[in-house]
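Dear colleague,

My notes on helix packing and on several individual residues follow it.

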Amino acid sequence: MKRYGLKLWSINDNYMKTAKELYEKQVYDYIELYAVPSSFDKYIHMWKALDIPYIIHAPHFMHGINFSIKENEQNNIFLSYEALKFADFLQAEKIIFHPGIKGDYKETARQLKLLNDSRILIENKPKNVAITNDRLKPDDICVGYDYKQMEYILLETNLRFCLDIGHATCAANSENKNYIDVLKEFMKLNPYMFHISDGYITSNIDKHYNIGSGSYDFKTIFSLIPDDAIISVETEKNSKDNLDDFIEDVNKLKSYS
């Protein structure tokens with residue numbers, strides 16, 4: 001039986017009560033908690049009190065971690081240890097990291113080995129960035145967007161894989177490849193778990209739409225996913241007061257299981 005996860009950020013205390021109620025109603029099976037930097041001291045005891053299983057998602061480029069750049073090593077290690085601290089305190093089974101952006105995938109592997117933690121999962125990325133600002137440009141390339149890079153990182157570090165369906169689809173479109181062929185190739189890396197959301201099937205930009213708001217063919221996608229898969233639902237939340245859209249999303253996904 002598939003296990004479904006609710007994706008929240010460590011600063012989302014506004015969802016805690018509802019998250020607890022939905023877990024008790026067996027709407028979902030675990031929380032994937034994005035560890036916002038410097039949030040541990042304020043929020044950790046509140047999350048611990050929920051008594052829910054956790055998977056931790058470490059900060060990524062937008063919060064300062066970029067393993068693909070050698071000069072970032074010291075800051076990467078510093079920020080990573082707070083995520084590992086979240087995992088320790090919440091007894092999380094896994095911790096997800098992004099490989100980086102605008103750098104070298106071999107450098108990513110080197111730095112990840114420095115963390116020396118077997119709980120770490122590495123997530124694949126789109127090729128093209130979704131957000132442009134003073135640090136990112138439309139032609140900046142993410143690390144870990146293709147099979148070759150992910151295979152190297154996983155083999156070099158002896159870590160496991162988190163397959164993001166939307167990221168893989170976007171990367172396939174950037175490379176003018178069939179997204180199903182790309183997903184099948186990534187499946188050879190034996191993913192430990194999956195991230196899922198909706199999007200436009202021909203787009204190279206990841207949108208994290210609610211299920212049914214895009215054009216992804218979930219019937220075909222779910223034919224590739226094992227029956228005992230762990231799946232975090234990474235869709236938009238349109239209210240700060242409830243998780244009604246998440247309930248609808250997870251129920252739609254369960255209909256494909």
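This is a predicted model: local features need pLDDT of at least 70, side-chain atom pairs count only at pLDDT 80 or more; totals for chains, interfaces and linings use all residues.

I begin with a pair of helices: Glu73, Asn76, Ile77, Ser80 and Tyr81 in α3 meet Arg110, Gln111, Leu114 and Leu115 in α4, where contact means heavy atoms within 4.5 Å. Residues are numbered from 1 along each chain as its sequence is written, and side-chain values use heavy atoms, with hydrogens and water left out. Helices (H or I, at least four residues) and strands (E, at least two) are DSSP runs, numbered from the N terminus.

Helix packing

Helix α3 covers residues 73-90 and helix α4 residues 105-115; they pack at an angle of about 45°, with their axes 11 Å apart. Axes here are lines fitted to C-alpha atoms, for helices over the stretch in contact, and angles run from 0 to 180 degrees between N-to-C directions. α3 and α4 are therefore oblique to each other; angles under 35 degrees count as roughly parallel, over 145 as roughly antiparallel, 65 to 115 as roughly perpendicular and the rest as oblique. The crossing of α3 past α4 is right-handed, a crossing being left-handed if the near helix is turned anticlockwise from the far one by less than a right angle, and right-handed if clockwise.

α3 also packs with helix α2 (residues 40-50), at an angle of about 25° and with the axes 10 Å apart. α2 and α3 are therefore roughly parallel to each other, and their crossing is right-handed. On the α2 side the contact is made by Phe40, Asp41, Ile44, His45, Trp47 and Lys48, and on the α3 side by Glu82, Lys85, Phe86, Phe89 and Leu90.

For α6 and α7, the axes come within 8 Å and cross at roughly 125°. That makes α6 oblique to α7, and α6 passes α7 in a right-handed crossing. Ile165, Ala168, Thr169 and Ala172 of α6 meet Tyr179, Val182, Leu183 and Phe186 of α7.

α6 is mostly covered, with 10 of its 10 residues buried; buried means under 20% relative accessible area, exposed over 50%, and partly exposed in between (1.4 Å probe, protein chains only). The cover over these buried residues includes β5, β6, α7, β7 and α8. At the start of α6, a side-chain oxygen of Asp164 reaches to within 3.0 Å of the backbone nitrogen of Gly166. Just after the helix, Asn176 takes a positive phi of about 55°.

In α7 (residues 179-187), the buried residues are Tyr179, Ile180, Val182, Leu183 and Phe186. Seen down the axis of α7, they fall within an arc of 160°, so they line one face of the helix; the arc is that of the directions from the helix axis to the C-beta atoms. They pack against α5 (147-157), β6 (160-164), α6 (165-174) and α8 (218-222). Asn178 caps the N-terminal end of α7, with a side-chain oxygen 2.9 Å from the backbone nitrogen of Ile180.

In α9 (residues 244-254), Asp245, Phe246, Asp249, Val250 and Leu253 are buried. Seen down the axis of α9, these residues fall within an arc of 130°, so they line one face of the helix. Among the elements covering them are β1 (3-9), α1, β7 (193-196), α8 and β8 (230-233).

Individual residues

Asn124 is found in the loop between β5 and α5 and is buried, with a relative accessible area of 0%. Not counting residues up to four places away in sequence, Asn124 touches Gly144, Met150, Phe161, Cys162, Leu163, Asp164, His167, Ala168 and Phe186. The side chain of Asn124 reaches the backbone nitrogen of Asp164 at 2.7 Å.

Asp117 lies in the loop between α4 and β5 (120-123) and is buried, at a relative accessible area of 15%. Leaving aside its neighbours within four places in sequence, Asp117 is in contact with Leu84, Ile95 and Leu159.

Thr18 belongs to helix α1 (residues 16-24) and is buried, with a relative accessible area of 17%. With neighbours within four places in sequence again left aside, Thr18 is in contact with Asp241 and Leu243.

Yours sincerely

Note on methods: A polar contact is a pair of N or O atoms within 3.5 Å; within protein, one must be able to donate a hydrogen and the other to accept it, and residues adjacent in sequence count only if both atoms are side-chain atoms.
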